[in-house]
Amino acid sequence: MQIKNFIVDQNLKELTEHRTVVLPLACYETMITKNIHGFIPLHWHDEIQFVLIIKGEAIFQVNEEKITVREGEGLFINSGCLHMATDENDSGCIYICLNVSPHFILSQELYTTHVSPYTQATNLPYLHLDTEEVWEKNILAAIVNINQLIQQNPSCYEIDISMQLTIIWKNLIINGFDLEYEQVEKLKSHRMKQMLNWIHTHYAEKILLDDIARAGQLSRSECCRYFKRILKKTPLNYVTDYRIQKSLILLQQIESNVTDVAYEVGFNSTSYFIAQFRRSMNMTPLAYKKYKNSY
């Protein structure tokens, strides 16, 4: 299963349907460059995520930290953490992605003691999984097993998947993490999501720095520090990049034209849109449109 366009709401929470009620998880292989944006855009979800690189290498960003993950290695991304991924060195990176509801990891009786403390911890946004330790190897092997079970769909495979998830979680928590719960960190994450939510709701309108800062209940300078720390860019540069991302979908519509798309995503000048698009995509919007409509 290749997901080419992650569907997210204005708050960047992923809405792409992966699961059923009976089996509240998703496991699929994806190639980063096949995404409509050419990378996995910034998003978050309530599910916890495990990644296993099966080809190439990628740079994942989780909150403000970047992690290089190579072939054979993996990554645990905790619930609610902002994250994105890009292909590294044109490697054609392919990875197995396992998204699972925290409530499906263990039984309800064990969830409060053995799951919730870890998903709520502010010092555990991610874990880089290589093959140096036995517990890491066990987790990566279980990810492969779950992917095979979903593809093969044998009798009672849901039970087998549940058993593999138990193996994953036990191996993750046996290392005796010193968990921390800092309200300040939770507040920072909440404010960042509020500002992103406001941008994604109003991107087609005129946006000022004051508007973004107000959405996060921050001063202009604090707002800029948040974006620099987490996204390594200014708030208004993020707005421009987000508008370019939104234009990619519109440009693939046969009846669309560059000028209409520019104004629809919030640019007040076609020439400025073309210049920013070229900077981001290394081609003009018209060239991109012709390229995408040629196949």
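A: We begin with two helices: the axes of helix α6 (residues 183–202) and helix α8 (residues 220–231) come within 11 Å and cross at roughly 100°. That angle makes α6 roughly perpendicular to α8, the class for 65 to 115 degrees. Axes are lines fitted to C-alpha atoms, for helices over the stretch in contact, with angles from 0 to 180 degrees between N-to-C directions. Helices (H or I, at least four residues) and strands (E, at least two) are DSSP runs numbered from the N terminus. The model is predicted: local features need pLDDT of at least 70 and side-chain atom pairs pLDDT 80 or more, while totals for chains, interfaces and linings use all residues. Residues are numbered from 1 along each chain as its sequence is written, and side-chain values use heavy atoms, without hydrogens and water.

Q: Which residues of α6 and α8 meet?

A: Contact means heavy atoms within 4.5 Å. From α6, K188, R191, M192, M195, L196 and I199 meet C223, Y226, F227, R229, I230 and L231 of α8. By class, this contact has nine nonpolar, no polar and three charged residues; Ala, Val, Leu, Ile, Met, Phe, Trp, Tyr, Cys and Pro count as nonpolar, Asp, Glu, Lys and Arg as charged, and the others, Gly among them, as polar.

Q: How much space lies in the largest pocket, and which residues lie nearest its centre?

A: Rolling a probe the size of a water molecule over the atoms shows where empty space is left. A pocket is an open set of points on a 1 Å grid over the protein atoms alone, where a 1.4 Å probe fits, with protein on both sides within 12 Å along at least five of seven lines; lining residues have an atom within 4 Å of a point. Here the largest pocket holds about 1,000 Å³, a volume being the space filled by probe spheres set on the points, which are joined across faces, edges and corners. Of its 36 lining residues, H37, G38, F39, L248 and M281 lie nearest the centre. The largest share of this lining, six residues, comes from α9.

Q: Which helix gives the largest share of the lining of the second largest pocket?

A: That helix is α6, with nine residues. This pocket holds about 730 Å³.

Q: What is the strand order of the open sheet?

A: Two strands pair if DSSP finds at least two bridges between them. The order is β2-β7-β4-β5, with antiparallel pairing. The edge strands are β2 (40–43) and β5 (65–70).

Terms used:
Angles under 35 degrees count as roughly parallel, over 145 as roughly antiparallel, 65 to 115 as roughly perpendicular and the rest as oblique.
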